[in-house]
Amino acid sequence: MRKWIPWVAILAVAVAVMLSLPTTVDPIVNRTVADVPLPPSPPCPPGSDCADTHPCSTETMPSDEFETRWTAVGNNRMMSSPHATDLNGDSVLDIVVGTGAEESHSGSIIAVDGASGNLLWEAETDGEMFASAQFEDLNGDNVDDIALGGRDQQMFAVNGATGDILWSFDKASTLREAWYQFYSGQFIDDINDDNVADWLVANGGDPMKEPDDERDNGYLMILSGADGQPLGVADLPDGRETYMSPLLYTPHPDMAIEVLYGTGGETWDGSLWSTSIDAIMQGDLSTSTQIVAPTPNVKKGFMTPPAIADLTLDGIQDIVVSSFDGRLILVDGRNYTHTWTIDMHEVVENGTASGLESWASPTVGYFTPDSVPDVFVNYVIGVFPQYSSSYYALVDGATGDILWSETTEHTIFTSPLSVDLDSNGRDDIVLVRGAEEWREEGSLSYNSASVLDTCSMNTISLYNRTNLSIGTPLIADLDMDGDLEMVTTTTTGYLSETEGWTLTRMDLNASTPTRIGWGAYMGSQYDGLFLD
């Protein structure tokens, strides 16, 4: 039976599409960068000092006896990915995540005690909160506060200690004729000199529109961290909407901070762009640099945040981007040239796949012996909104060669994670897979998680559960005891007759490594940056 995923259940991101407009932006341009010597090509040739820095060892993966520490449950759906910070001062990271149901225009932001699983607080909202939490002390009480957005123009800052709303975005603001959905953002340095960090976020997407309806463009915005008032609003330069969570990007310590953002959607083209905070404040993105252009005659955009890591080993951070049209591209941070590109359509099912689309960010880790970070990606096979299976691949970061791949009947929408689970210096990969389908006896949804050992290329099952898992899990040492935990979510789907979510903390039976390369949605620091 062909599996069918409702468009609204695919991912906690954009669910709308855009009017196709002529692309009037300039082609990709080079730029000058800091005076950093060019690296060798390839960056780690055989026999070099960096060619064998992550060898496999005799260490073994943890056993398959993974203990569930607690499970929290609640009403509503949960498309948001869990992020963590200590809110109650017990030195255990607590979990913050959004909930909601699109149809009923209801939702909430919840904080769950990382030690016990008990609810610390719940802030009710008037729309589904599908973005992921970001943290900053906004009110000066030495406890992180939370910024989180979602549908129905919902954007909130919440007191991390109490759950009280500090501010909400003013949907009645007349700066634009219409406001749309808010995605995961980033706190930035204080712009308006009030000693409070400010908030960079994207606004776009109108789920009430049909795919072929005319669409307005989206915006990049900077909001006051103190009260949520807009400090800068800028229309996107190509007339498209946006669904990508923007990232701050500092290619090199001697270079200026940039903002990476994406345009386009499921059925309309777009690009990956770079701009500046100043341009957003001035309300003009016309000088943005188009880093990756649309594929000609393909109406698919850039939906998921890229990964930032130095794959060329020149001291300049590069950009790994997975486009919705099935391309994986390494962009050299030195000059925005493309070091390598893989068109997955040419690879999957010997080039015969009906379609290939990506709802997940690339994951970066040390999956091979050398010092060059590598990439792991997953794509769903089919054409939005119908998918039949998934393809995932491990890509050599130095060459762009696919070293390992597999096709599965599941569908994969969560981003993979990378972490060294067996203390051998080589990162392993954590995958969550699942599906929702309709059968004569009713709706069936399920999900499972497994670890791919990048030395043996064998998998170890973590769990099998009912319901969907849309949010990317979190791997961290929550209680700082030297052992890793994983926090996962499940949610009922749009075919289910009921609504509910679960949040589960499980022990991974693994020692905490010196770094967790990619441990959550948008990376271990929630900023798109690979921790090397």
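Strand β8 (residues 155–158) pairs with β9 in the antiparallel sense over 3 bridges, where strands are DSSP runs of E of at least two residues, numbered from the N terminus, and pairing calls for at least two DSSP bridges. Within this pair, Val 158 has Ile 165 of β9 as its bridge partner. Both strands belong to an open, antiparallel sheet of 4 strands in the order β6-β7-β8-β9. Because β6 (134–136) and β9 (165–168) each have a single partner strand, one side of each is left without a neighbour in the sheet.

The model is predicted, with local features needing pLDDT of at least 70 and side-chain atom pairs pLDDT 80 or more, while totals for chains, interfaces and linings use all residues. Residues are numbered from 1 along each chain as its sequence is written, and side-chain values use heavy atoms, without hydrogens and water.

Turning to the cysteines, the structure holds 2 disulfides (cysteine sulfur atoms within 2.5 Å). One joins Cys 44 to Cys 50, S to S 2.0 Å, and is left-handed at -130° about the S-S bond. Both Cys 44 and Cys 50 are buried (under 20% relative accessible area; exposed is over 50%, partly exposed in between; 1.4 Å probe, protein chains only). The other disulfide joins Cys 56 to Cys 455, S to S 2.1 Å. Cys 56 lies in the segment before β1 (68–74) and Cys 455 in the loop between β30 (442–452) and β31 (459–466), so this link ties together parts 399 residues apart in sequence.

Finally, Ser 390 sits in strand β26 (residues 386–395) and counts as buried because its relative accessibility is 0%. Its side chain reaches the backbone oxygen of His 410 at 3.1 Å.

Conventions
A polar contact is a pair of N or O atoms within 3.5 Å; within protein, one must be able to donate a hydrogen and the other to accept it, and residues adjacent in sequence count only if both atoms are side-chain atoms.
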